[in-house]
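Please keep the sequence and the structure side by side while reading the numbered points.

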Amino acid sequence: MMTTPGKALSDLQPKKFLRISKVNPAGSLEARKRSTGAVMLYWRVTLNGKTVRHPIGLYDSSAPPKSIIRTSKGFSIAAATREAEELSQKHEVHKDKGGLVAFKAAERISLQDAADAELRAREFTLQKLLDSYCDFQQKRGRSSYKDARSIFERHIKDPYPQVMSQPANTVTMEQFVEMMRRLQTMGRGRTSNKLRSYVRAAYEIARHAKANPATPLIFLKFSISHNPLVETVVDASSNKADKNPLKLEQMRIYWNSIKDLKGRPGSVLRLHLLTGAQRIEQFVRLQTSEIHDQVIILWDGKGKPGQPPRENPIPLIPAAKIALAECTPTGKFALSTKDGGTHVHATTLSKWAQAAVGELIPNFQAKQLRSGVETLLSSARISKDVRGRLQSHGISGVQDKNYDGYDYIDQKREALEILFARLNDSHQPLPASSK
């Protein structure tokens, strides 16, 4: 009398394998009894001379023999055979790539990729990328991080919250162009360009994170391989440089308005002008520890994404030393109204300058002082290179960036002395310097 599969499984010794039946198109259905008495069913196949068993599930002796649906307890022989046939078919389809083993490995990778994508969708959003960028810029001493945060908040998060919640690596060029176009139609071309610049920088840092060990690991997790801002177009008309620098007569009016101005505003404004009208955001951050006998050290945080601030030593001519002493530097920040605990805000300095000038210079803005100083020094034939070094303009060229460590202190000092002389000579300009 032929033994039924149920009887054979019942008589099977623990830890022994039993071949139940052949499976089409390849392999066989096998069983193995555990020491607890439970029977585990397998699909077995030979691949490249090696035996491979893939578990199907527990045998359910109470399941209807012809049932092909898995029960809550396990499989009938018929159901296990159906499952083994499906595994066998997958094996045959992927046989040239390693069979079922390779298929399952690829499936696990696919599932992991899907899980990673879901994680990025929840965590590594555009919001997180832009926040990480601002945090990184703040840590590197870049003063622009405040402006970037404000633009991201007002012109991306508020009008486009759904885009902010997208995975950063799925946001498209067209979505960013829409943000830029919105600002253009509002007459905010300059803000549109700044949004483009900041977002592009954030994506570039993330895109190069794998190759740059100085970049925080958080940027790797965004899986950025393409910068969607690369092909966007800047509005050149909104990036035009200031074409309204103060003329020599106006620079003298400004100097005469502040040279005897009492109190902290007067001393701070005099120091700012007599050190070359440095970028106000950088100037007000002067730290007491960066004051030396003949120079002060400012830090230029403008430049390429990820680069540290650049040191800019500024010589102190005698009148500037007096103005600095009148600022009574103490605590951390040299230019402060709170004993060095916090520095004078850039907008405060600008308001002090406007208040000192009043109506003497129509439409005066403190930012014109910087271009006014450069124009004055240019008329005195101070070289473009020295002017650039004094006001910390962008340094270009391999030689300048990598090999020229000279600080140009003497040339800067001469330029500042000429600036002071011309501000105080109300009768005629000084002869142009030949240096």
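1. Helix H17 covers residues 409-424, and its 16 residues reach 23 Å from the first C-alpha to the last, close to the 22 Å expected at 1.5 Å a residue, where the expected span is 1.5 Å times one less than the number of residues. Helices (H or I, at least four residues) and strands (E, at least two) are DSSP runs, numbered from the N terminus.

2. This is a predicted model, in which local features need pLDDT of at least 70 and side-chain atom pairs count only at pLDDT 80 or more, while totals for chains, interfaces and linings use all residues. Residues are numbered from 1 along each chain as its sequence is written, and side-chain values use heavy atoms, with hydrogens and water left out.

3. Among the buried residues of H17 are Ile-409, Lys-412, Leu-416 and Leu-423, buried meaning under 20% relative accessible area with a 1.4 Å probe, protein chains only. The buried residues of H17 pack against several elements, including helix H9 (248-258), strand E6 (310-315) and helix H15 (384-391).

4. Lys-412, which is found in helix H17, has a relative accessible area of 2%. Leaving aside residues up to four places away in sequence, Lys-412 touches Asn-312, Pro-313, Pro-315, Val-386, Arg-389, Leu-390 and Asp-407, contact meaning heavy atoms within 4.5 Å. Lys-412 and Pro-313 are 99 residues apart in sequence, yet 9.3 Å apart in space, C-alpha to C-alpha.

5. Elsewhere, four strands form an open antiparallel sheet in the order E1-E2-E3-E4, pairing requiring at least two DSSP bridges between two strands. Strands E1 (17-22) and E4 (50-58) stand at the edges with a single partner strand each, so one side of each lacks a neighbour in the sheet.

Methods: Buried means under 20% relative accessible area, exposed over 50%, partly exposed in between (1.4 Å probe, protein chains only).
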